[in-house]
Amino acid sequence: MYEKLFRCEYDRNNFHCVHFVIHASKVIFGLDYSSCFVGLTGSINETLQTSRNTVVKNKRLEKPIEGCIVLMTYQNESSHVGLFFRHRIIHLTELGVQRLTLEQAKIYFKRMRFYEPNLHH
């Protein structure tokens, strides 16, 4: 069932990390996270500039919980998003889908924040 997520391909304009989290939440949990990312499903150029607005709508968590949104910041200050699933962050990059432990993610990202999706907007 989840294997098909690993066949997802990155497309800067049509299927980037935000699209992947929305798709993965439907496949894995049967939930639609679209409302958590209003205005963030355009091209990656637009999305990276506005991703921090996402966090206002969702509840900040101290520690990740199953199904939470993981907002990550690269060393160059660009933003990225993934989904916490089975004690790992599943996310889509230009290289494909990856599953990282929190420790592995700390190598790539200078900051990670966790948010419980607010599905009741």
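Helices (H or I, at least four residues) and strands (E, at least two) are taken here as DSSP runs, numbered from the N terminus. By that rule, Lys59 falls in strand 1, which covers residues 59–61. The model is a predicted one, in which local features need pLDDT of at least 70 and side-chain atom pairs count only at pLDDT 80 or more, while totals for chains, interfaces and linings use all residues. Residues are numbered from 1 along each chain as its sequence is written, and side-chain values use heavy atoms, with hydrogens and water left out.

Relative accessible area sorts residues into buried (under 20%), exposed (over 50%) and partly exposed (in between), using a 1.4 Å probe and protein chains only. Lys59 counts as exposed because its relative accessibility is 53%. Contact means heavy atoms within 4.5 Å; with neighbours within four places in sequence set aside, Lys59 is in contact with Phe114, Tyr115 and Glu116. The C-alpha atoms of Lys59 and Glu116 are 5.1 Å apart, although 57 residues separate the two in sequence.

Two strands pair if DSSP finds at least two bridges between them. Strand 3 (residues 79–85) runs antiparallel to strand 4 (residues 88–93), and three bridges join them. Phe85 stands opposite Arg88 of strand 4. These two strands form a hairpin with two residues between them, and Arg86 in the turn has a positive phi of about 55°. Strand 4 is mostly covered, with five of its six residues buried.

The interior can be described through nonpolar cores, each a set of buried Ala, Val, Leu, Ile, Met, Phe, Trp, Tyr and Cys residues joined through side-chain atoms within 4.5 Å. The largest core has 22 residues, of which Phe20 and Phe37 touch the most other members. Helix 1 (17–29), strand 2 (69–74), strand 3 and strand 4 each supply at least two residues of this core, and helix 1 gives the most, with eight. A second, separate core of 11 residues includes Met72, Phe84, Phe109 and Phe114.

Aromatic contacts complete the picture. Rings of Phe, Tyr and Trp (its six-membered ring) pair if their centres lie within 6.5 Å; planes under 30 degrees apart count as stacked, over 60 as edge-to-face and the rest as tilted. Phe29 and Phe85 form an edge-to-face pair, because their ring centres are 6.0 Å apart and their planes stand at 85°. This pair links distant parts of the chain, with Phe29 in helix 1 and Phe85 in strand 3, 56 residues apart. Phe29 is partly exposed, at 27% relative accessible area, whereas Phe85 is buried, at 6%. The rings of Tyr74 and Phe109 have centres 4.6 Å apart and planes at 45°, so they make a tilted pair. Tyr74 lies in strand 2 and Phe109 in strand 6 (residues 109–116), so this pair ties together parts 35 residues apart in sequence. Tyr74 is partly exposed, with 26% relative accessible area, and Phe109 is buried, with 4%. Ring pairs also link Tyr2, Phe29 and Phe85 into a cluster.
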